[in-house]
Amino acid sequence: MKALQFPLAIIGSQWGDEGKGKIVDLLAEKADFIVRFNGGNNAGHTVVIGNTKFKLSLLPSGAVRGKKLLIAQAVVIDPAVLLEEIDFFNKKGIKIDLMIDPRVNIVMPYHKELDAATEKWKGKKATGSLHLGIGYCYEDKNNRFGIRFEDLINPKVFQEKLALILLLKKRQITMVFGQKTQLTIENIYQDYVHYGKRLKKYLGDVSLLIGEQLKHKKILFEGAHGTFLDGIFGTYPFTTAVYTIAGSVFPYVGLAPQKIYSLGVVKAYTTRVGNGPFPTELFDRQGKQMQIIGGEFGTVSKRPRRCGWLDLPMIKTATRLSGFDYLAVTKLDVLSKLPEIKIGIGYNLKGKMISEAPSLMSLFEQCQPVYKTFKGWQKNISQIKKFENLPKEAQAYLKFIENELKIPIKIVSVGAERGDNIFL
Ligand code: GDP
């Protein structure tokens with residue numbers, strides 16, 4: 001494989017869970033810094049090495065390689081979860097070299113309670129939040145009502161802020177949502193000051209470090225979620241609170257606009273968790289097969305993921321939004337048992353053919369996919385290391401994707417293991 005260029009952003013092109021964690025882990029070998037720049041611990045990644053499954057939700061996937069890890073300002077941190085991940089790696093004998101930006105916002109217990117209360121109130125219209133408080137944390141961040149990492153390590157400031165904020169939050173939980181709450185300032189304060197003490201040593205200006213080192217170090221930006229979970233350009237409101245497209249790296253890290261490369265991670269089929277439109281969804285045995293063979297159950301939520309055929313109009317939109325320079329196609333092996341495989345190549349929208357996801361959600365829901373059918377290869381491909389050795393049907397499937405998108409596929413992942421890849 002001709003070396004990929006850095007700085008490089010790894011971006012999910014679908015609804016998340018594309019297998020970005022494995023790709024970041026692979027590319028982290030060549031990188032110096034791995035940066036998380038969006039989302040919170042609602043974005044889980046899995047990296048498999050031998051018999052060990054590393055499940056990460058806040059530490060960048062490069063953790064497994066002992067690289068320098070940076071958490072930039074737009075990430076929100078649940079400190080208990082982060083400390084648990086750090087302890088997990090320390091116990092495995094892997095030292096964590098971490099820097100956290102002081103502007104990072106902290107997920108507080110009242111965010112989680114408000115999250116649960118809102119979902120309950122929405123009933124059938126619930127967005128499928130995991131009650132981790134991420135959306136509420138971002139809401140406070142934007143309202144300038146958040147607790148930043150800087151506050152967490154300054155007990156006096158923290159206490160003052162918390163006293164004011166908690167009063168309002170408790171009223172919201174009890175009087176607006178009519179729910180009970182056990183939250184007290186004493187409990188929260190004690191726990192969070194303790195977290196602050198433990199995390200203090202990781203404080204550092206991530207924006208400054210990246211600005212200084214961008215030309216000297218190989219920097220990998222690890223995107224969380226996926227393009228269609230983007231808070232603006234995704235399938236709103238079944239989305240996250242953040243941008244997930246490549247351009248978000250600049251404000252989310254604190255970096256001036258310039259050329260950064262981007263690699264789109266494309267799962268060889270499509271999945272999504274929770275509600276919302278999904279044109280190529282399968283409701284039959286084939287969808288169930290993808291779910292079981294692909295292990296399509298949420299890393300964090302354990303919820304079964306909805307499965308369907310690859311949807312090229314979506315990937316075309318993702319490509320336009322993030323300007324992918326490269327592609328990685330993942331989980332190709334999951335399709336190996338199917339006699340026939342389809343790719344959605346366009347949508348029929350009220351009798352008119354369209355080639356990208358429409359911006360109006362009311363129209364997206366009405367899109368009928370138009371398929372091209374491919375012959376399946378029905379062979380195990382997980383041990384194959386060279387493109388030429390793939391069954392010709394699998395080659396045709398990949399070539400079609402590459403030709404349609406006009407972007408080179410650089411990695412094909414054919415198994416969950418770190419070594420199960422084909423480099424092109
Ligand atoms: P991410 O959030 O995009 O990193 O994706 P997840 O980690 O949630 O989901 C990807 C899952 O698929 C993980 O369990 C990976 O171990 C697994 N995985 C990644 N690549 C492959 C692959 O090529 N084949 C198979 N069978 N599993 C894979």
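Which residue with a positive phi follows H6? In this predicted model, H6 is followed by Gly 178, and the phi of Gly 178 is near 65 degrees. Helix H6 itself covers residues 155–176, a run of 22 residues. From the first C-alpha of H6 to the last, the helix reaches 30 Å, which is close to the 32 Å expected at 1.5 Å a residue. The buried residues in H6 include Phe 158, Leu 162, Ile 165, Leu 166, Lys 169 and Ile 173. Among the elements that cover the buried residues of H6 are helix H3 (109–122), helix H4 (134–142), helix H5 (149–152) and helix H7 (185–199).

Two of these covering helices, H3 and H4, also pack against each other, at an angle of about 115 degrees. The axes of H3 and H4 are 7 Å apart, and the crossing in which H3 passes H4 is right-handed. On the H3 side, Tyr 110, His 111, Leu 114, Asp 115 and Thr 118 take part, and they meet Ile 134, Tyr 136, Cys 137 and Asp 140 in H4. Asp 140 has a relative accessibility of 2%, and therefore counts as buried, since the limit for that class is under 20%. With neighbours within four places in sequence left aside, the contacts of Asp 140 are Tyr 110, His 111, Phe 145, Gly 146 and Lys 169. Of these, Lys 169 is one of the buried residues in H6, while Tyr 110 and His 111 belong to H3.

Helix H11 (residues 312–322) is mostly covered, with eight of its eleven residues buried. The buried residues of H11 are Leu 312, Pro 313, Met 314, Ile 315, Thr 317, Ala 318, Thr 319 and Ser 322. Their cover includes both strands and helices. The strands include S1 (8–12), S10 (261–267), S13 (310–311) and S15 (340–349), and the helices include H12 (361–364) and H13 (392–405). In helix H10 (residues 285–293) lies Ile 292, which is exposed, with a relative accessible area of 57%. The C-alpha atoms of Ile 292 and Arg 305 are separated by 10.0 Å, and the two residues are 13 residues apart along the chain.

Aromatic pairs were also examined, and the structure holds 13 of them. One of these is the edge-to-face pair of Phe 37 and Phe 221, at 6.5 Å centre to centre and with 80 degrees between the planes. Phe 37 lies in the loop between strand S2 (33–36) and strand S3 (45–49), and Phe 221 in strand S9 (residues 219–222), so this pair ties together parts that are 184 residues apart in sequence. Both Phe 37 and Phe 221 are buried. Tyr 243 and Tyr 252 form a tilted pair, with 6.3 Å between the centres and 45 degrees between the planes. Tyr 243 counts as partly exposed at 34% relative accessibility, whereas Tyr 252, at 13%, counts as buried.

A cluster of rings is also present: Trp 15, Phe 228, Phe 278, Tyr 347 and Phe 364 are linked by ring pairs. Lysines over ring faces complete the account of the aromatic residues. Lys 259 lies over the face of Tyr 261, at 4.8 Å from the ring centre. Lys 372 lies over the face of Phe 374, at 5.5 Å from the ring centre.

Technical notes: Residues are numbered from 1 along each chain as its sequence is written. This is a predicted model: local features need pLDDT of at least 70, side-chain atom pairs count only at pLDDT 80 or more; totals for chains, interfaces and linings use all residues. Side-chain values use heavy atoms; hydrogens and water are left out. Rings of Phe, Tyr and Trp (its six-membered ring) pair if their centres lie within 6.5 Å; planes under 30 degrees apart count as stacked, over 60 as edge-to-face and the rest as tilted. Helices (H or I, at least four residues) and strands (E, at least two) are DSSP runs, numbered from the N terminus. Buried means under 20% relative accessible area, exposed over 50%, partly exposed in between (1.4 Å probe, protein chains only). A charge sits over a ring if NZ of Lys or CZ of Arg is within 6 Å of the ring centre and within 35 degrees of the ring normal. The expected span of a helix is 1.5 Å times one less than its number of residues. Contact means heavy atoms within 4.5 Å. Axes are lines fitted to C-alpha atoms, for helices over the stretch in contact, and angles run from 0 to 180 degrees between N-to-C directions. A crossing is left-handed if the near helix is turned anticlockwise from the far one by less than a right angle, and right-handed if clockwise.
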